[in-house]
Amino acid sequence: MATNSATIAMENLAPELKTIAKENHQFRNWANTFGCSPELYFEPSTEEEVSEIVRLAVQNKKHIKVVGSGHSPSDLALTNDYMISIHKLNRVLAVNREEGIITVEAGMDLHTLHQVLKNNGMALSNLGSISDQSVAGIMATASHGTGTTFGSLPTMITDLTIVNGTGDILYCSPSSNTDVFEAARCSLGCLGVITRMSLKVEPDFLLEAIQEPAKFDHVLQNWDTVINSAEHVRVWWYPHTDDCVVWRANRTTKPVTEDKPSWFKYTFVGFHVYQFALNIARYRQSMIPPLTRFFYDKVHSTPTRVVDESYKVFNFDCLFPQYVNEWAIPLEKAPEALKRIEKFIQSSDLKVHFPVEIRFVDADDVWLSPSYGRKTCYIGVIMYRPYGKAVPYKKYWRAYEDVMRSLDGRPHWAKAHGQTKSDLERSYPKFSDFLTVREKLDPNGVFVNNYIQRHIVGKKRLAK
């Protein structure tokens with residue numbers, strides 16, 4: 001029935017839309033944990049084509065979700081109606097070296113953006129762990145890097161253009177359509193289709209990153225000193241041990257290091273052997289603590305130093321597919337959260353994977369940023385899926401979320417989480433303002449899916 005419906009829909013498309021539409025498309029996210037089969041899948045390359053798709057959805061009472069790289073480990077991008085991939089909206093539109101501003105189409109992936117910036121002697125001031133995402137995708141979920149004086153990535157946006165829920169194209173900035181600009185810096189894809197963005201960047205720079213072993217208790221007891229010990233700091237804690245790795249990075253003029261990481265140590269042992277061992281541990285979970293100690297000792301306990309271009313240092317290998325959960329809590333509450341997570345793991349005899357990743361973000365004014373109005377610590381937990389196979393994680397997730405919720409936590413928007421609309425309304429001072437803008441931009445609920453219904457608008461907006 002779904003195929004017949006899609007075929008009929010294809011036959012009824014205007015000629016200009018037929019050339020950019022597909023049927024029988026199967027979407028899966030990077031971790032292969034969520035997927036859908038949209039009725040029609042569009043690949044527009046212009047704003048005008050995006051507008052036509054939106055008008056078609058309104059006419060046919062269909063919903064739309066936009067997808068970039070599909071990296072979000074949640075159902076945020078899922079739909080059974082129309083899906084728009086923005087990967088062909090990937091052009092450079094303007095470069096202003098004097099003011100340090102670059103304007104690009106929002107479907108450009110970060111790998112491409114880094115090269116464009118490099119060619120113009122520029123770089124992003126901060127960056128997350130990977131660069132597979134689209135520009136629009138990282139901004140839509142208020143993604144972040146690390147550094148107590150660096151805000152979430154949407155703080156870099158200086159203006160944007162969005163196609164709203166009636167197909168109109170709006171230019172937005174701090175002085176034009178101001179309320180839309182403030183809401184759209186972290187839009188969750190439910191305000192419209194963002195087609196272009198201007199970003200504030202800086203002259204390109206090198207980073208010196210030093211990674212050192214540390215003890216978990218020492219990090220917690222010297223919290224302020226550790227987290228402010230460099231421009232960019234992240235901590236990896238290895239559950240079932242008292243071991244940590246502290247990663248510090250600062251801007252430098254030192255020469256780029258020539259030594260290459262050991263393939264045997266980091267790729268063969270740290271990736272292939274670890275994945276194989278975790279697969280065996282699916283049947284004997286008691287193996288996990290000694291595996292953690294072994295891999296920490298063999299792979300992660302040795303200090304390392306690297307100097308390279310900033311984006312290469314910010315990024316690292318996320319290994320293989322995983323279940324992941326990440327929340328942001330007030331910076332000063334993080335040590336308590338970590339102690340409580342450790343206590344639960346020990347008392348429940350739960351066997352969990354390493355690492356717990358700990359990162360830091362400055363307070364910002366982005367309406368739906370988890371760092372809105374407060375300096376923040378992000379604590380991320382993972383359970384790897386060796387060879388894409390399932391592992392138990394739900395008990396761990398429930399306890400982790402209970403801890404984070406009790407300490408005024410806000411979940412990362414890209415990750416699956418258990419917060420309801422009423423929970424989130426209490427967490428975000430500008431939540432009602434965001435909803436007001438959303439209703440104005442999307443009066444027909446075109447950009448509402450199950451995720452947006454569950455967490456943002458409530459049940460009333462999904463009905464056709």
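**Group meeting: a walk through the predicted model**

Lys351 and Asp349 form a salt bridge, with their closest N and O atoms 2.6 Å apart. By salt bridge I mean a side-chain nitrogen of Lys or Arg within 4 Å of a carboxyl oxygen of Asp or Glu. Lys351 counts as buried because its relative accessibility is 16%, whereas Asp349 is exposed, with a relative accessible area of 55%. The cut-offs are under 20% relative accessible area for buried, over 50% for exposed, and partly exposed in between, with a 1.4 Å probe and protein chains only.

Before going on, how the values were made. This is a predicted model, in which local features need pLDDT of at least 70 and side-chain atom pairs count only at pLDDT 80 or more, while totals for chains, interfaces and linings use all residues. Residues are numbered from 1 along each chain as its sequence is written, and side-chain values use heavy atoms, with hydrogens and water left out.

Back to the charged pairs. Side chains of opposite charge can pair when their charged atoms come close. How many salt bridges are there in the whole structure? A search finds 31. One of them joins the side chains of Lys118 and Glu309, at 3.2 Å from N to O. This pair links distant parts of the chain, 191 residues apart: Lys118 is in helix α4, and Glu309 is in strand β17, residues 304–309. Helices (H or I, at least four residues) and strands (E, at least two) are DSSP runs, numbered from the N terminus. Lys118 is partly exposed at 36% relative accessibility, and Glu309 is buried at 18%.

Another salt bridge holds Glu212 and Arg248, again with the closest N and O atoms 3.2 Å apart. Glu212 lies in strand β14 (residues 206–215) and Arg248 in strand β16 (residues 243–252), so the pair ties together parts 36 residues apart in sequence. Glu212 is partly exposed, with a relative accessible area of 34%.

Now the sheet. Five strands make an open sheet with antiparallel pairing, in the order β7-β8-β12-β10-β11. Two strands pair if DSSP finds at least two bridges between them. Which strands stand at the edges? They are β7 (92–96) and β11 (169–172); each has a single partner strand, so one side of each is left without a neighbour in the sheet. From one strand to the next, the twist averages 10°. Axes here are lines fitted to C-alpha atoms, for helices over the stretch in contact, and angles run from 0 to 180 degrees between N-to-C directions.

Strand β10, residues 157–163, pairs with β11 over four bridges in the antiparallel sense. Thr161 stands opposite Tyr171 in β11. Helix α4 (residues 110–119) packs on the sheet and touches β7, β8 (101–105) and β12 (193–200), its direction making about 145° with that of β8. Contact means heavy atoms within 4.5 Å.

Next, the interior. A nonpolar core is a set of buried Ala, Val, Leu, Ile, Met, Phe, Trp, Tyr and Cys residues joined through side-chain atoms within 4.5 Å. The largest has 103 residues, and Phe42, Leu113 and Leu199 have the most contacts inside it. Helix α9, residues 263–281, gives the most to this core, with six residues. Setting aside neighbours within four places in sequence, the contacts of Leu199 include Gly100, Leu113, Val135 and Met156. Another core, of 38 residues, lies apart from the largest one; Ile227, Leu338, Cys377 and Ile379 are among its residues.

Thr141 is found in the loop between α5 (135–140) and β10. Is Thr141 buried or exposed? At 4% relative accessibility, Thr141 counts as buried. Its side chain reaches the backbone oxygen of Gly137 at 3.2 Å and makes a polar contact with the side chain of Ser143 at 3.1 Å. A polar contact is a pair of N or O atoms within 3.5 Å; within protein, one must be able to donate a hydrogen and the other to accept it, and residues adjacent in sequence count only if both atoms are side-chain atoms. Not counting residues up to four places away in sequence, Thr141 touches Leu76, Cys186, Leu188, His412, Trp413 and Ala414.

Last, strand β18. In this strand, residues 322–330, nine of nine residues are buried. Nine bridges join β18 to strand β20 (residues 376–384), and the two run antiparallel. The bridge partner of Gln322 in β20 is Tyr384. β18 also pairs with strand β21 (residues 410–411), in the antiparallel sense over two bridges, and there Trp327 stands opposite Pro411.
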